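Let's take a walk through a protein fold, sheet by sheet. Have the sequence and the 3D view ready.

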Amino acid sequence: MNTFRYCSFFFILFFVSCASKKDILYFQDAKTYPSVALTHDVVLVQPNDILHIQIGASVPETALPYNVQTGAASGGTPNVETLKVQGYLVSSQGTIQLPVLGTVQAADQSLSDLEQAIKGQLEKEGHLVHPTVSIRILNAKVTVLGEVQRPGTYAFMEQSLSVPQALGYAGDLTINGKRNDILLIRESAGVRTISHLDLTTANWMNNPDYQIRQNDVLIVNPNNAKVKTAGYVGNTGTLLTIASLLLSSIILLTR
């Protein structure tokens with residue numbers, strides 16, 4: 001009877017610690033996913049963004065007073081960290097301070113809209129002839145927490161970064177990650193939202209949340225198998241150790 005109880009206990013622990021294939025595989029319905037045209041959501045400038053703004057003109061020398069002078073002006077090639085120090089920090093009021101032009105409203109505008117707004121001001125006020133404006137966000141970052149190989153905050157320069165790519169920065173989910181309910185915390189236009197993403201289906205790729213925005217936070221919670229196992233013995237390694245001790249004890253007791 002004791003032997004039966006020990007074995008039953010072992011098999012129960014082993015059963016609850018297992019995750020089924022449907023909990024682990026990504027994009028399980030990929031075969032039925034139709035081809036769709038790619039669209040990218042507009043990225044809006046947010047407070048605390050650091051912007052690199054390059055202003056040009058038909059006569060390049062006339063645009064010099066409108067630009068922060070970087071190492072490139074003296075023959076050097078500035079790195080990203082140098083550009084951040086010399087970039088334009090969007091204030092909590094959503095504004096930046098440009099040479100000559102002064103205060104410019106930046107937050108809650110797309111990069112292209114902000115480029116057009118600065119270009120229009122340069123033309124309307126007669127500053128430059130045929131001005132050009134190029135803007136990039138220098139400090140875009142995404143934070144990935146929970147059941148991933150390398151939790152942390154990761155910087156990116158791309159204007160279009162997907163959730164799978166962001167998870168790739170963190171080394172992918174562990175076997176214990178809950179793939180069908182990943183939390184996406186986002187702040188945009190002064191509003192904080194929490195979305196739930198299901199990586200086990202391909203249909204969610206049509207969701208606007210498929211694309212990462214600067215300062216997004218992804219949280220991967222443990223799946224049911226991990227939670228149940230943690231409640232009993234902590235992890236699979238501990239489970240195997242205990243099972244081995246139980247079996248050894250059973251053998252000794254039944255001799």
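How many bridges join strand β9 to strand β12, and which way do the two run? There are 3 bridges between β9 (residues 182–188) and β12 (residues 216–220), and these strands run antiparallel.

## Ground rules

What you see is a predicted model, where local features need pLDDT of at least 70 and side-chain atom pairs count only at pLDDT 80 or more, while totals for chains, interfaces and linings use all residues. Residues are numbered from 1 along each chain as its sequence is written, and side-chain values use heavy atoms, leaving out hydrogens and water.

The protein has 7 helices and 12 strands. Both are DSSP runs numbered from the N terminus: helices are H or I with at least four residues, strands are E with at least two.

## The five-strand sheet

Strands β9 and β12 belong to an open sheet of 5 strands, ordered β7-β6-β12-β9-β10, with mixed pairing. Two strands pair if DSSP finds at least two bridges between them. Inside the sheet, L183 sits opposite I219 of β12.

From one strand to the next, the twist averages 20° (axes are lines fitted to C-alpha atoms, for helices over the stretch in contact, and angles run from 0 to 180 degrees between N-to-C directions).

## The three-strand sheet

Another open sheet has 3 strands in the order β2-β1-β5, with antiparallel pairing. Its edge strands, β2 (88–89) and β5, each pair on one side only. Between β1 and β5 there are 6 bridges, and I53 has I135 in β5 as its bridge partner. Helix α4 packs on this sheet, touching β1 and β5, and its direction makes about 145° with that of β5.

## The core

The largest nonpolar core holds 45 residues, and L51, I53, I96, I118, L167 and L218 have the most contacts inside it. Such a core is a set of buried Ala, Val, Leu, Ile, Met, Phe, Trp, Tyr and Cys residues joined through side-chain atoms within 4.5 Å; buried means under 20% relative accessible area, with a 1.4 Å probe and protein chains only. Helix α4 gives the most to this core, with 4 residues.

Take L167: leaving aside neighbours within four places in sequence, L167 is in contact (heavy atoms within 4.5 Å) with several residues, including V144, I182, L218 and V220. Buried residues make up 36% of the protein's 255 residues.

Notes:
Buried < 20%, exposed > 50% of the residue type's maximum accessible area, 1.4 Å probe, protein only.
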